[in-house]
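I opened my notebook to look up a few places in this structure. Here is what I am reading from.

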Amino acid sequence: MNLRPLRALLVLTTATAVIGASGSVATADPTPAPGASATTAPDSTGLPPGWSNTTLEDGRPGLEWTPKAPVPARSAAITARIGDTEIPAQLTAAGTVVIPADGLPANLSGLAVYSGETPLADLPALVPGSATPPSVAPPAVAPKRYDVASADYDLGEVAVPGLKGRQPLKGHVVAPKGAPGARPVVLFLHGRHEACYGPREDVEAPPWPCAKGEKPVPSLLGYDYAQRVLAGRGYVTVSIDANAVNALDDVTTWDYGNSARSFVVREHLQRLAAWKGGATAPWSGRGLSAYDLSRTLLVGHSRGGDGVNQATVDSTGSDPWQVKGLVLLAPTNFFRQTAPTTPTLTLLPACDGDVTNWMGQRFTDAALAYGPGAALHTSVRVPGANHNSFNTEWTPGLSKAPSVDDGQNTDCRRSQRISSSAQRSVGAGYILDAADSFLTEGAAIRPSLTGKRGYPTGSSVRGMVVTSVGGGSTPIWQGLTAGQRDVGSPRGVAKRCGGVNCAPEATGQGQPHWAGLGRRDGNALSVNLRRTGDRGGITLARPTDLSSGSALEGRVIVRGPRGEARLAVRLTDARGRTTTIAPDRGAVLRSLPYRAGSEAVAERAWGRALRIPLTTKKVDLRRITSVEIVSTKGAARVVLLDLQLVAGSTPSAQAAPKISLGTLPRVREGSTVRWVDMPLTIDRPLTADVEMAVTTSEPGSGDSGQTKWVSLRRGQTSAKVPVRIPGNTTDDADHDLVVAIETRGAATVRTASRTVTVVDDDPDPVLTVDPRSVSVTPGGTMRWTVRSDRPSSRTITIEAAAIEVPGRPLRGRDLTASSRADWGVKSSATPLARAKAKQVVVIEPGRRSARVEMATTRSIDGTPRRVRVRLTSEMTLRTPVLDGAVRVRTGR
């Protein structure tokens with residue numbers, strides 16, 4: 001799924017014309033159509049069922065999809081597709097989906113709306129909730145040390161910048177009673193789910209606040225089970241509400257609500273800080289333990305994961321809280337960011353039917369790009385888990401509001417799934433392990449977070465797959481995150497591969513390392529081991545000292561639907577001496593089968609740990625020149641992503657310089673490609689050189705964009721980054737470009753993307769009509785041809801409307817049935833002007849003409865009938881009024 005920030009592109013206004021594939025226009029069928037699927041065929045209008053017309057806010061024509069049932073709130077982005085072509089889409093406040101009509105193919109068969117990788121029409125149905133769902137006991141993952149108590153607060157509403165709506169400040173607190181001192185804090189942020197439920201009495205009401213008859217979905221209560229586990233171990237926990245953000249993020253924000261969620265998290269932290277550790281909190285006097293915000297862990301589920309990460313990056317040293325760690329449950333990561341110096345644990349459910357592409361893997365990968373100072377970032381594949389069951393209010397049988405088991409939408413068989421209670425034990429166990437590891441000064445990292453143990457505290461679920469980077473480890477070779485400077489060269493049977501081409505059989509959602517904004521990740525190594533003893537790897541750019549580490553670890557993808565690799569690692573030193581070392585982790589690696597929705601793929605191409613101890617005396621570990629993977633048994637196809645030297649200690653967290661893109665005013669298009677500068681700020685001097693990829697892309701173009709690498713030097717606090725502005729000499733519409741940045745080096749990105757509006761500076765076409773006056777006999781068709789004096793890259797829309805005419809006017813009955821439909825005429829006896837007959841025609845991009853047509857019946861007799869048509873368009877029309885007549889034979 002190619003997820004791009006498109007929120008500024010498609011803002012809907014209502015209209016009534018339907019754009020057919022041929023450019024002809026007819027009125028829209030007012031009856032909602034069933035959900036479109038990948039096999040729907042066009043109807044008589046040239047559009048698949050469920051699709052009708054709209055006009056975008058900038059005046060361009062668009063298509064609108066009206067679902068049979070409301071579009072479910074999911075974390076994956078909404079897109080439209082025709083075959084393999086992805087089209088930017090926007091969810092509207094009315095619950096429909098709109099796309100631009102410009103550039104669509106003539107054959108719209110198969111046009112469908114997707115959430116992530118799944119056609120909306122194929123999503124499983126919601127299961128009704130219960131007014132009195134069963135209580136959920138906290139999983140017994142660890143012995144309870146303290147009694148617990150809960151409290152709720154409601155501080156009214158707050159305006160959220162950029163959201164165009166007000167967010168309630170509600171929190172659910174679960175805390176220990178009688179725990180000594182001020183306790184660490186764990187704050188939960190739920191993800192994107194339905195904001196409201198119940199019978200909606202006013203179907204035209206906006207999505208927020210909840211309409212009459214509806215209630216807010218209590219998503220913030222869905223982590224109470226984990227809160228009680230943590231509180232029993234001495235942590236003060238708070239789960240906060242984000243329903244307004246959920247209702248409005250895809251409608252009113254450009255960044256999927258990321259900044260809004262960050263704001264809400266920080267607003268709650270500000271209120272918590274003002275209550276002086278709980279002494280003046282609404283629940284003071286009830287025996288709940290005091291809290292200490294200098295030791296805060298943020299937990300985010302789904303889009304909440306993106307939100308708490310952004311909140312961490314947005315926080316400053318002067319804030320009255322310190323985020324010491326993050327736990328991200330099935331998170332989105334739309335902008336490929338991370339908080340590199342904040343320890344982070346990411347759980348990736350194997351049967352996630354929502355965020356199917358595991359884009360949360362980017363939190364770990366981006367930390368590796370930061371370099372040696374990165375904190376521990378761990379990814380865990382949770383076998384059998386789905387997306388929703390981390391939250392009881394999203395779980396069928398436990399929720400008050402309707403909910404769904406999204407795991408039904410994957411190829412996971414029932415026997416491969418784990419129960420919702422087992423999934424909650426995994427979630428609670430990992431959150432507890434993270435809290436114990438990240439919130440206690442000097443605490444040892446729990447083995448479940450490093451891969452030494454394949455399951456969390458207290459969980460009976462086994463078979464977790466754990467990979468980690470950072471945490472004191474030093475990157476030796478970075479294939480996946482390499483910048484413009486390529487380090488090292490392939491050796492043996494290894495070959496370079498770039499992005500998704502490294503494992504092409506794992507297309508689409510099966511490539512989490514390359515999910516997101518474009519494909520700037522290259523230089524991984526494809527190693528095709530055909531037989532026992534074959535080897536391939538990397539010759540390092542210079543002799544490298546590995547003597548200070550306890551182990552060397554690489555991340556390896558095993559290719560093939562049933563791939564298996566039995567591997568060892570061969571080291572060569574500067575004197576040419578070699579040794580082959582058996583791994584203490586990853587000696588046998590297997591591929592990960594995967595399928596999402598209706599698209600089957602061979603595997604999920606996900607890097608797994610291959611680690612060797614560094615205790616050998618057979619080579620000089622201070623001067624290693626090459627590292628190779630060796631097959632110890634049979635053939636294997638693998639991809640080596642990177643290598644890191646594992647250290648024995650964890651570095652102290654250091655604040656990372658934060659980079660923010662500035663803004664550009666509207667930019668003139670010009671006649672040729674050119675580059676303009678966009679300002680960039682850094683909140684403190686860079687401590688080392690940083691490489692930055694600046695990618696400019698045009699939403700909906702099908703192109704992943706143009707990337708230019710920029711070098712930022714140590715000490716810099718600002719820069720100007722180049723933005724590619726395409727130019728031409730052909731009229732086209734103003735359009736948006738998306739500028740996105742990623743860094744390689746000791747910096748993090750706070751504002752990763754901006755939109756630049758490119759203003760067309762070419763003359764508008766001038767329209768003429770030939771002939772101006774038409775005369776036909778009964779049964780004939782009046783045709784007027786509208787011509788443009790120059791080609792245009794945009795769709796030119798012309799509205800033709802019948803106006804009053806002297807003499808006897810044409811009536812509805814004088815037109816054929818199909819022509820009446822084309823002109824929107826329902827009354828047979830009413831003259832066309834009074835019937836408000838209208839037709840819309842378009843001159844498609846690259847074409848020079850279109851026809852206005854009116855077909856008459858043979859039954860017209862008596863006095864000749866006349867019609868007069870007024871044309872309107874955003875372009876200049878030299879002949880705006882047309883005349884037509886039906887000549888009637890005399891002597892009848």
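**Entry 1: one serine.** Which residues does Ser425 touch, not counting residues up to four places away in sequence? I found Pro139, Val141 and Ser459. Contact here means heavy atoms within 4.5 Å. Ser425 sits in helix α6, residues 420–438. I noted how elements are named: helices (H or I, at least four residues) and strands (E, at least two) are DSSP runs, numbered from the N terminus. Ser425 counts as buried because its relative accessibility is 9%. Buried means under 20% relative accessible area, exposed over 50%, and partly exposed in between, with a 1.4 Å probe and protein chains only.

**Entry 2: ground rules.** The model is predicted, so I kept in mind that local features need pLDDT of at least 70 and side-chain atom pairs count only at pLDDT 80 or more, while totals for chains, interfaces and linings use all residues. Residues are numbered from 1 along each chain as its sequence is written, and side-chain values use heavy atoms, with hydrogens and water left out.

**Entry 3: the whole chain.** I looked up the totals. The chain has 8 helices and 54 strands. Of its 892 residues, 59% are buried. I also checked contacts between residues at least 6 apart in sequence: 77% of them join residues at least 24 apart.

**Entry 4: aromatic rings.** How many aromatic pairs does the structure hold? I read 7. Rings of Phe, Tyr and Trp (its six-membered ring) pair if their centres lie within 6.5 Å; planes under 30 degrees apart count as stacked, over 60 as edge-to-face and the rest as tilted. Tyr153 and Trp275 form an edge-to-face pair, 5.3 Å centre to centre with 80° between the planes. This pair links distant parts of the chain, 122 residues apart. Tyr153 is in strand β12 (residues 147–159), and Trp275 is in the loop between α3 (258–274) and β18 (291–301). Tyr153 is buried at 4% relative accessibility. Trp275 is buried too, at 12%. Next I took Tyr256 and Phe335: their ring centres are 6.4 Å apart and their planes at 55°, so the pair is tilted. Tyr256 lies in the loop between α2 (243–252) and α3, and Phe335 in the loop between β19 (323–329) and β20 (344–349), so the pair ties together parts 79 residues apart in sequence. Tyr256 and Phe335 are both buried. Ring pairs also link Tyr153, Trp275 and Trp283 into a cluster.

**Entry 5: charges over rings.** The charged end of Arg81 sits over the ring of Tyr114, 4.6 Å from its centre. For Arg453 over Tyr455, I read 5.0 Å. The rule is NZ of Lys or CZ of Arg within 6 Å of the ring centre and within 35 degrees of the ring normal.

**Entry 6: helix α1.** Why is α1 (residues 224–232) described as largely enclosed by the rest of the structure? It is because 8 of its 9 residues are buried. Among them are Tyr225, Val229 and Leu230. The cover over these buried residues includes β12, β13 (166–177), β14 (183–189), β17 (236–240) and α6. After α1 comes Gly234, with a positive phi near 105°.

**Entry 7: two packed helices.** I looked up α2 and α3. They pack at an angle of about 160°, with their axes 9 Å apart. Axes are lines fitted to C-alpha atoms, for helices over the stretch in contact, and angles run from 0 to 180 degrees between N-to-C directions. That makes α2 roughly antiparallel to α3. Angles under 35 degrees count as roughly parallel, over 145 as roughly antiparallel, 65 to 115 as roughly perpendicular and the rest as oblique. Val245, Asn246 and Asp249 of α2 make the contact with Ala260, Arg261 and Val264 of α3.
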